[in-house]
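Good morning, everyone. Please take a look at the structure on the screen, and then I'll walk you through it.

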Amino acid sequence: MSSLVPDVSPEQLQQLKESAGRCIDEAGDVLSLLSSEIWRCPELAYQEEKAHEALVRFFSQQPGWTVQGHYLLNTAFRATWGPMGGREGDNVVNIGFLCEYDALPGIGHACGHNLIAEVGAAAALGVKGALGALSHCPVRAKVTVLGTPAEEDGGGKIDLIQAGAFEGMDVVFMAHPSQEDVAYCADLAEIDLTVKYHGKASHAAAYPWKGINALDAAVLAYNNLSVLRQQLKPEWRIHGIIKHGGVKPNIIPDYSELFFYLRTPKHQDLPHIKEKAEKCFRSAAMATGCQVNLEYGKNEFYNILRNITLERAYEENGKTLGIEFITNEKLQEIPLGSTDFGNVSFVVPGIHTYFYIGSNALNHTEEYTAAAGAEKAQFYTLRTAKAMAMTALDVLFCPELLQRVRDEYAEAKLKEESG
Ligand SMILES: NCCC[C@H](NC(=O)CCN)C(=O)O
């Protein structure tokens, strides 16, 4: 155990951790109600108005929180507690907990973002409850809960970074529902791409030769990408849909639209995959005579800048609660997606952990939607919140640990950005 702040013994820190756990358990009912309220009203990216309202109300009803609704984004919020403790002039240690709450089209909370909101809120209540019960907290602490919308589409955290929402935070935590408990996954960098082909309509039977077929362009592009995949590095991903391919069989389509995600392990590799994909889309335009427009998403999602120091502290705390983390060997088998937390990890040291919710269903399926709304998920969600809260207390009371977190972050960022 790293050395603690003066006047705090390891036993006292352990008692604080147990106090945080009790506070989370005591709030279990209201936390479950919050989570199910969000789960029952799935809302898409940037449209999470009911979820935003539920979370703002939740923290407004909890004593001691300063709550800002519509914080920098219409459906983002910020709830802060502190600074408290320590002595005037002491450095404040600001711990951030992130809440996601956007759903997926047609299948609701199939990624369990209602549980992400719950686990962030729960961990924050736990830390605040433990520190608030002290007659005098020897460290100057602040807890910040940030509601970060639109992870599934657009990247609300990236908008919030650009708006300065993460300034002054020392460490951030969030946890994402999964099939396993793991402190880190090598989530991929990602960019959205919308491709629009414009051709010329004509009667498909009477005089097709007068048409310029935008659906042909879409099909050629799709097939170009399908053969390109053999030449991509194994971790790279290109996948997408044809959103529009025509209106009637007897009208040569004059418009088609495709929506694709391009992914690479490092965000520095995104330009390379973009270049390869663009050739596939532009050559299809050339072959058919269509005009083509390529429109990239407004935000590039970064890969996660991992912090092993923080991950290990989280794992140590989680194991005391019975969490069985998967081994590193199995880590290679974890399916990877992308998250705008990656961008956050390049401005603040943090961890984006994954947690089992009592089901082996797969994310982005209707089965997972059911699992995310099931009572069974509550035990695992609160347990994860306790592990996060305990790790936050380690950071607050072990200056040496916080320094190692910061040193690793600075070194990893320098290494990553120097390629
Ligand atoms: N265009 C961004 C897509 C993000 C999405 N994220 C996840 O699925 C993580 C879990 N919510 C993705 O497709 O990776």
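Let me start with a question: in which hand of crossing does H2 pass H3? The crossing is right-handed. Before I go on, please note that this is a predicted model.

Now the details of that helix pair. H2 covers residues 28-40, and H3 covers residues 49-60. They pack at an angle of about 165°, and their axes are 9 Å apart. That angle makes H2 roughly antiparallel to H3. Who makes the contact? From H2, we have Val-30, Leu-31, Leu-34, Glu-37 and Ile-38. From H3, the partners are Ala-51, Ala-54, Leu-55, Arg-57 and Phe-58.

Next, the sheets. I'll begin with the one made of 4 strands. Its order is E7-E8-E6-E9. The sheet is open, and the pairing is antiparallel. E7 and E9 stand at the edges with a single partner strand each, so one side of each has no neighbour in the sheet. On average, neighbouring strands here are turned by 20° against each other, direction ignored.

Two helices pack on this sheet. One is H6, residues 214-228, which touches E6, E7 and E8. The direction of H6 makes about 20° with that of E8. The other is H7, residues 270-288, touching E6, E7, E8 and E9. For H7, the angle with the direction of E8 is about 160°.

Let's go through the strand pairs. E6 is residues 189-198, and it pairs with E8 over 10 bridges, in the antiparallel sense. Find Ile-191: its bridge partner in E8 is Leu-262. Now find His-198: its bridge partner in E8 is Tyr-255. E7, residues 237-244, is joined to E8 by 7 bridges, again antiparallel. There, Ile-242 stands opposite Leu-258 in E8. E6 also pairs with E9, residues 291-296, through 6 antiparallel bridges. In that pair, Leu-193 stands opposite Tyr-296 in E9.

How many residues of E8 are buried? The count is 7 of the 10 residues in 255-264, so E8 is largely enclosed by the rest of the structure. For E6, 8 of the 10 residues are buried, so E6 is also largely enclosed.

Inside it, look at E2, residues 77-84, and E4, residues 141-147. They pair in the antiparallel sense over 6 bridges. Thr-80 has Thr-144 in E4 as its bridge partner.

A helix comes in here as well.

H8 is residues 308-320, and H12 is residues 376-397. They pack at an angle of about 125°, with axes 8 Å apart. H8 and H12 are therefore oblique to each other. H8 passes H12 in a right-handed crossing. The H8 residues at this meeting include Leu-310, Ala-313, Tyr-314 and Asn-317. Among those they meet in H12 are Thr-384, Ala-387, Met-388 and Thr-391.

Now the cores. The largest nonpolar core has 74 residues. Which residues have the most contacts inside it? They are Phe-97, Leu-131, Leu-396 and Phe-397. Take Leu-131 as an example. Leaving out residues up to four places away in sequence, Leu-131 touches Leu-16, Trp-81, Met-84, Cys-137, Ala-141, Leu-393, Leu-396 and Phe-397. There is a second, separate core of 27 residues. Among its members are Leu-193, Val-195, Leu-232 and Val-292.

You'll find it in H5, residues 156-162. Is Gln-162 buried or exposed? Its relative accessibility is 60%, so Gln-162 counts as exposed. Now pick out Tyr-71, which is 91 residues away from Gln-162 along the chain. The C-alpha atoms of these two are separated by 13 Å.

That's the tour. Thank you.

Conventions. Residues numbered from 1 in each chain as written. Predicted model: local features only at pLDDT ≥ 70, side-chain atom pairs only at ≥ 80, totals over all residues. Heavy atoms only, no water. Core = buried A, V, L, I, M, F, W, Y, C linked by side-chain atoms within 4.5 Å. Buried < 20%, exposed > 50% of the residue type's maximum accessible area, 1.4 Å probe, protein only. Contact = heavy atoms within 4.5 Å. Pairing = 2+ DSSP bridges. Axes fitted to C-alpha atoms, helices over the stretch in contact; angles between N-to-C directions. Parallel < 35°, antiparallel > 145°, perpendicular 65-115°, else oblique. Left-handed = near helix turned anticlockwise from the far one by under 90°.
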